[in-house]
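Please examine the structure shown below.

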Amino acid sequence: MSFGAVLENLASYTELDLRDRGLSAEDCQQLARRLKNNETVKILDLSDNRLLDEGCKALADTLRSNTTLTSLDIRTNGVSVEGCKALADTLRTNSSLTNLRLGGNRVGDEGCKALADTLRTNNTLTSFAIACNGVGVEGCKALADTLRTNNTLTSLRIDYNSVGVEGCKALADTLRTNNTLTSLLIYCPDTTVEREIEQSLARNREAQKQRANPVTCGSAPAKPQAASQSPSRQPASEPTPHQPASHSTARRPSPLASHSTARRPSPLASHSTARPKSPPASEPTPHPKSPPASEPTTRPESPPASEPTPHSAPYPVPESNPQPLQVPAAPFGQFSALMMDGVDNPTRAPLWQG
């Protein structure tokens, strides 16, 4: 959509994004005139254009009467000290702007001091960005002095400047008493000072959480009522003339009540509890007399053990004094073996003869 069409339909916008449209100071002046009486646009982004000081002055004049705009972004627009001073004068009386972004311009220490002096009395701006603007130690010290009394600013961006260790120390000293700033973007070459700044910001963030969720001392949070708890019953009211008394006083029994109160006897209970009656005890019957004990029977005597019979030998037993066996010597080079045919009849049979 063209810039002219945007101006014609300005009343239909709540957020207007016109960044990098090549807008000039004259275009910004036309837009500023339309915004004086506008009541719909709350967020305006004009970054990456060529508004220069003339366009910034036109916007500053608009903010004197406009009470709807809450966020203004004019980064990288060639704004210098003159445009920044005009904007600072407007912020003394403006009560609607909460976010101002001026990064990528060239306001320097002088423009930064003008804005810092305005923030001493302004109580609506919560976020301020002045990164990459040629701000030095003096501009940073001016902002540090402002933060000693300002209690509305929560976010400050001052990175990509030349504040040095001295400017960082000034901010670190201010944050010891400031309890509202929770976000600070700055390059600090001293790690000790940087750690001190981080600790102060963490303390402020924790304090902000406690302020957002206060806890009253001595009061315990109310316990939620159990879902299963039934509401208390109101006492039965007197019957009205149009309603019979039976309906107001006598309630019909619930069909489930009989099942919940009257239980059927378990079939197992009869077996365990009801036992058949035992017959009446009769007179004890005398046991039949046992026959008299007979004389112990004697076992027949076993015959005397006979002498063990010698086992029959499978081969003829030699005489008690057998004659020594005479075996003739075998001749040299002849092997022989004795074939035992019994004991008394040895024979010699050659097995191998060389």
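Helix α3 (residues 52-62) and helix α4 (residues 81-90) have axes that come within 8 Å and cross at roughly 5 degrees. Axes here are lines fitted to C-alpha atoms, for helices over the stretch in contact, with angles running from 0 to 180 degrees between N-to-C directions. Helices (H or I, at least four residues) and strands (E, at least two) are DSSP runs, numbered from the N terminus. The crossing makes α3 roughly parallel to α4, a term for angles under 35 degrees. This is a predicted model, in which local features need pLDDT of at least 70, side-chain atom pairs count only at pLDDT 80 or more, and totals for chains, interfaces and linings use all residues. Residues are numbered from 1 along each chain as its sequence is written, and side-chain values use heavy atoms, without hydrogens and water.

From α3, the residues D53, C56, K57, A60 and D61 meet E82, G83, A86, L87 and T90 of α4; contact means heavy atoms within 4.5 Å. By class, this contact of α3 with α4 has 4 nonpolar, 2 polar and 4 charged residues. Nonpolar covers Ala, Val, Leu, Ile, Met, Phe, Trp, Tyr, Cys and Pro, charged covers Asp, Glu, Lys and Arg, and polar covers the others, Gly among them.

Helix α5 (residues 108-118) packs with helix α6 (residues 137-146) at an angle of about 5 degrees, their axes 8 Å apart. The contact joins D109, C112, K113, A116 and D117 of α5 to E138, G139, A142, L143 and T146 of α6.

The strands form an open sheet of 7, in the order β1-β2-β3-β4-β5-β6-β7, with parallel pairing; two strands pair if DSSP finds at least two bridges between them. At the edges, β1 (15-17) and β7 (183-185) each pair on one side only.

How values were computed. Angles under 35 degrees count as roughly parallel, over 145 as roughly antiparallel, 65 to 115 as roughly perpendicular and the rest as oblique.
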